[in-house]
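Visitor: I have a structure on my screen and I'd like to learn how to read it. Could you walk me through it?

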Amino acid sequence: NESYINYYKSLLVLQNEKDRLMHDIKYQYMNVIQMLDEKRYEECRKYLFQVTEVLEKQGYTQYSGNTYIDFILNHTEHNAMQNGIDFIIDTDYIGKTTAFEQQDINIIFGNLLDNAVEAVMELEERDRWIEVKIAKVHQMIFITINNKSKGKAILRNGKFLTSKTDNSHMHGIGLKNVESAVLKYNGVFEVDMTDNIFTAKVTLFL
């Protein structure tokens, strides 16, 4: 949880830097034009590289409009890219909400996505994919995370009990923590394994 919070703070600093740069973009253009007019080409080249580095650094994307959710999605996406994982995100606009505490968002998304990454890393690179769907319908948020899995999970009444993977105990604890966080908001948490596709579903009420 602490590592997620630290990452979140670093992204806020980066986003503020980007916002400041975009706000002053017309002045940046004027500066470039002046350097070109004065034939200060090398200085202009270095300046443009500096601007580009700020805009592209870490590639933060606003997916849902909710800062807590988006920074975990970006964190996982960055990790996925480094490990040859196809990370698919399909989300409605959630926006700011005071309905959930940051630590609970970290627990729910963090555990589910970390488990998904660990599961697909046991597969051949061509089979490594994770799909995240977030839908907002009225005052409800539906979260679905799918990933292919090598292990064979044992489920009972929609709850994960064990698997053949070595770290199944830790996965079980993580999913119990997810369930506790979801129940804190009177939500619903379900998991399923069909044809080696592991699916986690969360319903939260705003």
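Visitor: Let's start with a helix. Which residues of α4 are buried?

Guide: Keep in mind that this is a predicted model. Residues under 20% relative accessible area count as buried. In α4 those are Ile 69, Asp 70, Phe 71, Ile 72, Leu 73, Asn 74, Thr 76, Glu 77 and Ala 80.

Visitor: Now the strands. What should I look for?

Guide: Strands of a sheet pair through backbone hydrogen bonds, in a parallel or an antiparallel way. Here, β2 (residues 129–137) and β3 (residues 140–148) are antiparallel, with 8 bridges between them. Val 137 faces Met 140 of β3 across that pair. The hairpin has 2 residues between the strands, and His 138 there adopts a positive phi near 55°.

Visitor: Which strand do 9 bridges join to β3?

Guide: That's β7 (residues 197–205), and the two run antiparallel. To find your place, look for Ile 141 opposite Leu 204 in β7, then for Asn 146 opposite Thr 199 in β7.

Visitor: In what order do the 5 strands of the open sheet come?

Guide: Read them as β1-β2-β3-β7-β6, with mixed pairing. At the edges are β1 (86–91) and β6 (188–194); each has a single partner strand, so one side of each lacks a neighbour in the sheet. Ignoring direction, neighbouring strands are turned against each other by 10° on average.

Visitor: Where does α4 pack on this sheet?

Guide: Helix α4 (residues 67–82) touches β1 and β2, and its direction makes about 160° with that of β1. Helix α5 (residues 102–120) packs on the sheet too, touching β1, β2, β3, β6 and β7. The direction of α5 makes about 15° with that of β3.

How values were computed. Residues are numbered from 1 along each chain as its sequence is written. This is a predicted model: local features need pLDDT of at least 70, side-chain atom pairs count only at pLDDT 80 or more; totals for chains, interfaces and linings use all residues. Side-chain values use heavy atoms; hydrogens and water are left out. Two strands pair if DSSP finds at least two bridges between them. Helices (H or I, at least four residues) and strands (E, at least two) are DSSP runs, numbered from the N terminus. Axes are lines fitted to C-alpha atoms, for helices over the stretch in contact, and angles run from 0 to 180 degrees between N-to-C directions. Contact means heavy atoms within 4.5 Å. Buried means under 20% relative accessible area, exposed over 50%, partly exposed in between (1.4 Å probe, protein chains only).
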